[in-house]
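Please consult the sequence and the model shown here while reading.

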Amino acid sequence: MTRPTLLPLGSTLRVLRPHPSILAFYDGRIEGARAHSAAPNWLDDGAYALGVCVYAVIDGSEAILYDTHISLTHARMMRRTLEEAGVTSIRVVLSHWHDDHVAGNEVFADCEILALDKTEAALAAHRQELETGEPPIRPLVMPNRIISGPTELAVGRLKVQLEPAEIHSRDGLILLLPDLGIMLAGDTLEEPITYVAEPDRLAVHVAELERIRSWGYERILPNHGAPEVIAADGYGPSLIDATIRYVKKLLRLDIDMALADQDLSTFIAGDLADGVLTYFAPYEQVHADNVKKVLAAR
């Protein structure tokens, strides 16, 4: 068995520009490479292998950073990039509580870090798990501005809307840029498939996916997706439709057990054939884990 190549943390970070007002800090999706350890760990297996992206919305000297990436090294690189671009005011918005979205919080401890009350509660409940994980997020810096519902902000002249959405995680928080027609989706959307974190709430996730579909946003930038798509125009609303189809198919597992034996390429064959989704081999394990979790929950 070939041992993976261990690359220096942060050495493969790419800065993409999906829009003149948006920087995308993308790392991972490099075949045969890992960034933390050859041993199982959340940074490599849950983020780097799949590709992970954090976005900064910028206007003039102001920026909103949507999540803080997978390490302090990444967070420092993002902050340096923003400051070199003339940004003097940084606010952070957390999309949800999971480790690959909050690991760099400490670098922005002197900034406003905004999150849903559900995110604050989840971080507090999982603090020990996060601070003793591999790698540890220690100390875990908590958000310092808490909201409980839809919230409107501004970055310079750009309007920013924060909308809670119970998809992937019950504390999901989507960042909308209505003036640009762009949705920053966090982990509520992922390509090629969603990562099931709450298998007992999939019916809620479908309803919420249908709700965000009704918003009519034509450009979607997820935190996990293909770098070439993110660097171009992002994804279209067909990604939402494909995610709905995938989750609904997972919900059929208890009445059609043959579905449980399908690999990813078979399970999403229609969307692959239509070009709606692109096959990415590391998601085979994500799909297998999704199926196991859904069956266990039912």
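## A pair within helix α5

R127 and E131 both belong to helix α5 (residues 127–131), where they stand 4 residues apart, about one turn of the helix. Helices (H or I, at least four residues) are DSSP runs, numbered from the N terminus. The two residues form a salt bridge, with 3.4 Å between the closest N and O atoms; the term denotes a side-chain nitrogen of Lys or Arg within 4 Å of a carboxyl oxygen of Asp or Glu.

R127 is partly exposed, at a relative accessible area of 31%, whereas E131 counts as buried at 16%. Buried means under 20% relative accessible area, exposed over 50%, and partly exposed in between (1.4 Å probe, protein chains only).

## Basis of the model

The model is predicted: local features need pLDDT of at least 70, side-chain atom pairs count only at pLDDT 80 or more, and totals for chains, interfaces and linings use all residues. Residues are numbered from 1 along each chain as its sequence is written, and side-chain values use heavy atoms, leaving out hydrogens and water.

## A pair within helix α6

Helix α6 (residues 202–213) contains both E208 and R211, which are 3 residues apart, about one turn of the helix. Their salt bridge has its closest N and O atoms 2.8 Å apart. E208 is buried, at 14% relative accessibility, while R211 is partly exposed at 30%.

## A network of salt bridges

In total, the structure holds 17 salt bridges. A network of them links K118, E166, R170, E198 and R201. R201 pairs with E198 in a salt bridge whose closest N and O atoms are 3.4 Å apart. R201 counts as buried at 17% relative accessibility, and E198 counts as buried at 12%.

Methods: Helices (H or I, at least four residues) and strands (E, at least two) are DSSP runs, numbered from the N terminus.
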